[in-house]
Amino acid sequence: MGLIFDSSILIAGERRGESVREILKRVQAKHGETESGLSAVTIVELTHGIYRAKSDADRERRRAFTEELCRDMAVYSVTLEIAQLAGRLEGEQAARGVSIAFEDLLIGATALHLGYGVLTLNARHFQLIPGLTVLQP
């Protein structure tokens, strides 16, 4: 099974000063050799963080980290099929009174569509998505 990385994993690693390669090696040591990637939504979240940085140094470090991610990891677009899956999941869960954050919904739907799990520090958010395998580092 492959893994889609949630931004929480990447932000925590970046704050510790880890490179993308170091994060990938750490995850590989725990979860084994596996395909991995990002949802385009994660790039939105990380880019948002670039522009919220309080200093030029933080902004540049975040920008370099995000560029490294885009070079070193597959980034999966939100396709028609992923959008339809997300709509179905959100509708079914809303009918049961369960609300899922839109960003998490799209990241989770991307993982489900690919047959991947989600690697996150926010397991509680992703466990709201039926059928999704949620892993922590």
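**Figure 1. Strands S4 and S5 of the predicted model run parallel and are joined by two bridges.** Strand S4 covers residues 117-119, and strand S5 covers 134-135. Within this pairing, Leu119 stands opposite Leu135 of S5.

**Figure 2. The open sheet is built from five strands.** Their order across the sheet is S3-S2-S1-S4-S5, and the pairing is parallel. The edge strands are S3 (74-76) and S5, each of which pairs on one side only.

**Figure 3. Helix H3 lies across strands S1, S2 and S3.** S1 is made of residues 3-5 and S2 of residues 36-39. The helix, residues 40-52, runs at about 65 degrees to S2.

**Figure 4. Helix H3 also packs with helix H6, residues 102-114.** Two packed helices are described by the angle between their axes and the distance between the axes. The axes of H3 and H6 come within 8 Å and cross at roughly 145 degrees. On the H3 side the contact is made by Val41, Thr42 and Glu45, and on the H6 side by Glu103, Leu106 and Ile107. By class, the residues of this contact are three nonpolar, one polar and two charged.

**Figure 5. The largest pocket has a volume of about 290 Å³.** Its lining consists of 13 residues. Those nearest the centre of the pocket are Ile11, Arg15, His48, Gly49 and Arg62. Helix H1 (7-15), H3 and helix H4 (56-72) each supply at least two residues of the lining. H3 provides the largest share, five residues.

Figure 6. Helix H2, residues 20-31, gives the most to its lining, with five residues. The lining residues are Phe5, Arg21, Leu24, Lys25, Val27, Gln28, Gly32, Glu33, Thr34 and Ser36. Sorted by class, this lining has four polar, three nonpolar and three charged residues.

Notes:
Residues are numbered from 1 along each chain as its sequence is written. This is a predicted model: local features need pLDDT of at least 70, side-chain atom pairs count only at pLDDT 80 or more; totals for chains, interfaces and linings use all residues. Side-chain values use heavy atoms; hydrogens and water are left out. Axes are lines fitted to C-alpha atoms, for helices over the stretch in contact, and angles run from 0 to 180 degrees between N-to-C directions. Helices (H or I, at least four residues) and strands (E, at least two) are DSSP runs, numbered from the N terminus. Contact means heavy atoms within 4.5 Å. Ala, Val, Leu, Ile, Met, Phe, Trp, Tyr, Cys and Pro count as nonpolar, Asp, Glu, Lys and Arg as charged, and the others, Gly among them, as polar. Two strands pair if DSSP finds at least two bridges between them. On a 1 Å grid over the protein atoms alone, a cavity is a set of points where a 1.4 Å probe fits but cannot get out, and a pocket is an open set with protein on both sides within 12 Å along at least five of seven lines; lining residues have an atom within 4 Å of a point. Grid points are joined across faces, edges and corners, and a volume is the space filled by probe spheres set on the points.
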